[in-house]
Amino acid sequence: MQKALLIDPDKCTGCLQCELACSYEHEGVFNPSKSRIRVFTFHQEGRFVPYTCTQCSEAWCQQACPVDAITLNADTGAKEVSDSACVGCKVCTIACPFGTVNYNQVTGKVIKCDLCGGDPKCVSACPTQAIVYVDADQTGYEKMRQWAKETDNNPAASA
Amino acid sequence: MQYIVAGAGPAGVVACETIRKLDKESAITLIGAEPEPPYSRMAIPYLLSEKIAEQGTFLRKTAGYYEQLNIKLVHNRVTGLNAADNSLQLDNGEQLKYDRLLLATGATPINPPIPGVDLEGVRHCWTLKDAREIAARAKTGSSVVLMGAGFIGCIILESLVKRGVKLTVVERGDRMVPRMMDDTAGNMLKEWCEDKGVRVLTSHSVTAIEKSDPLSVILDSGERLHADLVISATGVRSNIDFLQQSELETDQGILVNSFLQTSHPAVYAAGDAAQGRDFSTGEFTVQAIQPTAVEHGRIAAVNMVQNNCLTHQGSLNMNVLDTLGLISSSFGQWMGVDGGDAVCFVDKTRYKYLNLQFKDDVLVGISSLGHTENIGVARGLIRGQLALGKWKQRLQKNPERLMEAWLACSMGIA
Amino acid sequence: MSWTGKILRVNLTEGTVAAEPLNMQWAQQYLGQRGLASKYLLEETDPKCDPLGPDNKMIMATGPLTGTMAATGGRYSVVTKSPLTNCIACSNSGGFIGAEMKHAGWDMIIFEGCSPTPVYLYIENDQAELVDASEIWGTSVWHTDEWLHNKYQDPLLRISAVGRSAESGCLYAAIINDLHRAAGRSGVGTVMASKNLKAVAVRGTLGVGNIKQPERFMQVVNENKAILAANPVTGQGLPAYGTQVLMNVINEIGALPAKNMQEVQFDGAHDISGEAMHEPRKSDGKPNLTTNAACFGCTIACGRISTIAQGHFTVENKAKYWGNSGGLEYEAAWALGADTEINDLDALTYANFLCNEDGYDPITFGSTVAAAMELYEMGVITDAQTGGVAFNFGSAEALAKAAEWVATGEGFGKDLALGSKRLCEKYGHPELSMTVKGQEFPAYDPRGIQGIGLNYATSNRGACHVRGYTIASEVLGVPVKTDPLVSEGKPDLVKAFQDATAAVDSSGLCLFTTFAWDMTNIAPQIDAACEGEWTAEKLVELGERVWNMERQYNMQAGITRADDTLPERLKSEEGAARTGPAKGKFSEVEKMLPEYYEKRGWNEDGAPTDETLNRLGL
Ligand SMILES: Cc1cc2nc3c(=O)[nH]c(=O)nc-3n(C[C@H](O)[C@H](O)[C@H](O)COP(=O)(O)OP(=O)(O)OC[C@H]3O[C@@H](n4cnc5c(N)ncnc54)[C@H](O)[C@@H]3O)c2cc1C
Ligand code: SF4
Ligand code: SF4
Ligand code: SF4
């Protein structure tokens, strides 16, 4: 059974520990602007919403990539960016309808969640269990995935 | 069952992979007119800027990839189609029979009708062969004239500057990327380029190129430019010439229905060659962009195998462009729609621009400069036709809160 | 090494900005934030200067752990000379701007001079510029925040700003960051406004990457995060109730000052407590508290996010107060509520919103209102001054009006903006001001808690609980329980707390971690991150050095032994506690003071001896 990140915004306090852990794991820097997960603040409503790639089965990013730089990690189910192959064309960043692939202007490559190879650092950093790593079919992302199917309604090929 | 896919670009390759996923047994033949393994034109700029080698442009990188999928790769040119008889004509005289055919032959750059475009030293930037010739001529310090500051022109612009050439860009329109940006943004882009040392002549055209060493490029203003290399990037048209003898219906490109099926039921078309449905307008146009080629390839393939089970809702026209470090993008109806409204944020000194277009409380288009964070969500909002409710007002005040609008509306956050 | 090694020097008179290297030798002696900024202030300014004149400087400083993943590593401090106390001021704030400054590549920003016209400072990584602020001058912090976010269209721009209270000269104006976090005390906002500096807006995308021993750092950080999580105060009490967890506790032990400190208990304490913030309101059935919220990197998350019922009299027809914003912390709830005997939670929340919206310190404000109420009930202040508003204890209407006046500096707000010391002097009753060195007390009564009284009397920034939070020991039993009612042993306790706190305040971490951590938890985190060798002992010594340096500053500014005391009301039999466990008790501060001086190595006039200075390398 593949696992996935399950995010519960109600538990989040907006501390950004997840962003720090993620940027540190991937870039060796404490730097939210380089994190693959982002916490959005809804000040008026008093809510914090952590958000990252759902490793959606359609993988728009992967399909749009012209040089095969985004590939599936068969163990984790993560769609991973290969830095050596990525040319930095950014087509994936406009193709992912969830906005979860971002361009890193410093390296000239794109960055996205890779589930840390199966040991997600945001999960261990989160003090409130707002992010947990669970069996894929339990995730609240189902709703998003559903949406993805409805709008582009061409899931068969990737099923 | 014999599948033939004509055209080994992204549309063709994705189609083959999709067919193979759905049908493990049948024979698949992929025909490409160029000698290299299937590659991506989009990667050429990065080859020119020496970020990658030629192999870096290949669509699939694993050795023996096509053999493993039992896809037969043929390097040859299709010269004719006999739809009545389900057969293709190859340049080498061979005839191939198919049960299902996909035409994914892409597009070709057009030549502006001016004297001298055939001279040696005047090139398109379209194939790997072009790229090699450009690389040979565009050396540090050499003078290059780029005709056309459209989308593709702007992408090549960056790699030419990285090669250290002295660059002049000549664009007929009154701004850069006229089909992707309004004049404010297009001219901000122009200023940016000029600031980086590129000479940009908008509202000008080349009237002739004369043979001399170096070449002489004559402008409508009468000015004469010297150029070691002239690159022509003034537009493309679908590759449909070889269909002239067939009964297939064509217009700008090959006409298709919403299953990407042509006027002949066993023949489908995809990518730059096809005149497919546009998501925003519902009209059938040639978009000539990579994500659309891939989407076409996949949907056409599903329909070829599973008998038109999948409707193509239309592809969203979208582009992203990096011009000497200034990143721009556009989605859908960035120019707005009748009866719609808009918000536009402009900060010229910091090169920031964000223009959102609404129809009622649905986002229908975006164009931007200097905004990259979570930009894909523009696609989610437009394609999802999400009702923005109170977030429309918030976006009108703070267009940059696009991602929050998405979260709020799609997840019921606020 | 965790410092960026860079200071941004902003000369407001000239309108220039310049980068310069951080003095790394000083960094080894003073660490960062409070300590290091105080060192710069002492070296670069004359402690006798006019706090609101161009010769005073204002320093915004991060600590070496600010911006890292160390739990609570998001603090920054504002150090300057206070217009309220004429002493050194150091106000510490969380939120996100401290980390952002660090991520933009700056350890510190030093503001000097005074701008001829209103400006704000915009920083994007290594680019910094002063920009005309005439369009936002005369507007609130919230408006300024919105205006800047609209202008730059960057939701992640972090902003510190002053509001209208600061501009109109309120002596206890705060610098508000991230809408509702505050460098709150001692009038640091007044100084900022006096320099014609409206706001500082920062965007940093460089991050902190130069950790000395990255793997070890992550390991100790994680171990210590686990300790915070397991501790009942930092793991449960603070996240659930915030600092407001204390309201009922302190009331029960008879140390909740009330009615301008005439009383030590308040009947309405429960109504304004952390527990009450969770209870559904009668008015709209929703609780005052929406959620708790964290500052940058904080795994405790004591912050309160609250609403006011839309029908409440304070916000009727005022939609801008209907959304969520920063809710009551204990000190604010006490000053706005207990000290004024107002038990209307939403009214206190409203006053608190205004304190954030226009940037002023709720502790000093609430205490000043309480003093004015006492003067009003005595008939010294009358309706003529208050414009007809009955200014009685218990009046939520009076509180709401007062908050509105101070926000904009109108009417009676001009008097209230003086703080209680100057207000009471103005009306001929200096004895009614509950202050030390001109700064109002926080929410723990020195009659019922002896140690804290000594801390107030000796605090380098006037009455303040977070200079030496002996409450931890005297009430909560951290690290060991001491009896709050006895003064024996307290000088030692106070000194230990004061020194440790000075070290924590110089690191980038939040003081609240010390409910669960001591120096042996903090030292390894600093040691793994920073150049040099950092032991618990070294940190304590550093804290003592900082304390003595601040004392030197204050003495040069004119502070004497006579200023190290409490108001008569708290240290005399007449003022003794009338109810509760501390009944009959008064503060024994005068008894404790000589012993405190001795433990500190100061002479009987309260001046550090040469030997002490030498020992500390001062
Ligand atoms: C320099 C450059 C930069 C670009 N940048 C971007 C970008 O940033 N974003 C974006 O979205 N798009 C970009 N594009 C456009 C994008 O590359 C095309 O839209 C995409 O390649 C279309 O894919 P396709 O499979 O339809 O056609 P093509 O990629 O053109 O492939 C067509 C294939 O058909 C073969 N062929 C043609 N005629 C015949 C024939 N008669 N018989 C057999 N085979 C034939 C060709 O050899 C080729 O293999 C760029 C293009 C260029 C040239
Ligand atoms: S980045 Fe976007 S498109 Fe790619 S897998 Fe994640 S959610 Fe899907
Ligand atoms: S799983 Fe890893 S890569 Fe993905 S968001 Fe969490 S920390 Fe980042
Ligand atoms: S670490 Fe957890 S609580 Fe903190 S911001 Fe991330 S998801 Fe929210």
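## Chain A

In chain A, residues 24 or more positions apart account for 58% of the contacts with a separation of 6 or more. Contact means heavy atoms within 4.5 Å. This is a predicted model, in which local features need pLDDT of at least 70 and side-chain atom pairs count only at pLDDT 80 or more, while totals for chains, interfaces and linings use all residues. Residues are numbered from 1 along each chain as its sequence is written, chains are lettered from A and ligands numbered from 1 in the order in which they are written, and side-chain values use heavy atoms, with hydrogens and water left out.

Chain A holds 5 helices and 8 strands. Helices (H or I, at least four residues) and strands (E, at least two) are DSSP runs, numbered from the N terminus. Along the sequence, the pattern is β-α-β-β-α-β-β-α-β-β-α-β-α. Chain A has 159 residues, and 65% of them count as buried. Buried means under 20% relative accessible area, exposed over 50%, and partly exposed in between (1.4 Å probe, protein chains only).

## Two ligand shells

Ligand 3 has 13 residues around it. A:Cys22, A:His26, A:Cys113, A:Cys116 and A:Cys122 come nearest. A residue is near a molecule or strand if one of its heavy atoms lies within 4 Å of it. Helix H1 (17-27) and helix H4 (121-125) of chain A are the elements that give two or more residues to this shell. The shell around ligand 3 has 8 nonpolar, 2 polar and 3 charged residues. Ala, Val, Leu, Ile, Met, Phe, Trp, Tyr, Cys and Pro count as nonpolar, Asp, Glu, Lys and Arg as charged, and the others, Gly among them, as polar.

Ligand 2 also has 13 residues around it. Here A:Cys53, A:Cys56, A:Cys61, A:Cys96 and A:Phe98 come nearest. By class, the shell of ligand 2 has 8 nonpolar, 3 polar and 2 charged residues.

## Aromatic pairs

The whole structure has 28 aromatic pairs over all chains. Rings of Phe, Tyr and Trp (its six-membered ring) pair if their centres lie within 6.5 Å; planes under 30 degrees apart count as stacked, over 60 as edge-to-face and the rest as tilted. A:Phe98 and B:Trp406 have ring centres 6.0 Å apart and planes at 55 degrees, so this pair is tilted. A:Phe98 sits in the loop between helix H3 (91-95) and strand S6 (102-104) of chain A, and B:Trp406 in helix H10 (residues 402-411) of chain B, so the pair joins two chains. Both A:Phe98 and B:Trp406 are buried.

C:Phe96 and C:Phe296 have ring centres 6.4 Å apart and planes at 85 degrees, so this pair is edge-to-face. The two residues are 200 residues apart, and their pair links distant parts of the chain. C:Phe96 is buried at 14% relative accessibility. C:Phe296 is buried at 2%. Chain C also has an aromatic cluster, formed by C:Tyr330, C:Tyr444, C:Tyr469, C:Phe512 and C:Phe515.

## Two helices of chain C

Helix H20 (residues 490-504) and helix H22 (residues 536-557) of chain C pack at an angle of about 95 degrees, with axes 7 Å apart. Axes are lines fitted to C-alpha atoms, for helices over the stretch in contact, and angles run from 0 to 180 degrees between N-to-C directions. H20(C) and H22(C) are therefore roughly perpendicular. Angles under 35 degrees count as roughly parallel, over 145 as roughly antiparallel, 65 to 115 as roughly perpendicular and the rest as oblique. Among the contact residues are C:Lys495 and C:Ala502 of H20(C), and C:Leu539 and C:Trp547 of H22(C). The contact divides into 7 nonpolar, 2 polar and 3 charged residues.

C:Asn548 is also found in helix H22 of chain C. C:Asn548 is buried, with a relative accessible area of 0%. Leaving out residues up to four places away in sequence, C:Asn548 touches C:Arg600, C:Trp602, C:Pro608, C:Thr612, C:Leu616 and C:Leu618.

## Backbone details

The peptide bond from B:Asp213 to B:Pro214 is cis, with omega near -5 degrees. B:Pro214 lies in the loop between strand S13 (206-210) and strand S14 (215-219) of chain B. Another cis peptide bond joins C:Val478 and C:Pro479, with omega about -5 degrees.

A:Lys90 is not a glycine, yet its phi is positive, about 75 degrees. A:Lys90 is buried, with a relative accessible area of 3%. C:Glu341 has a positive phi too, near 55 degrees. At 23% relative accessibility, C:Glu341 counts as partly exposed.
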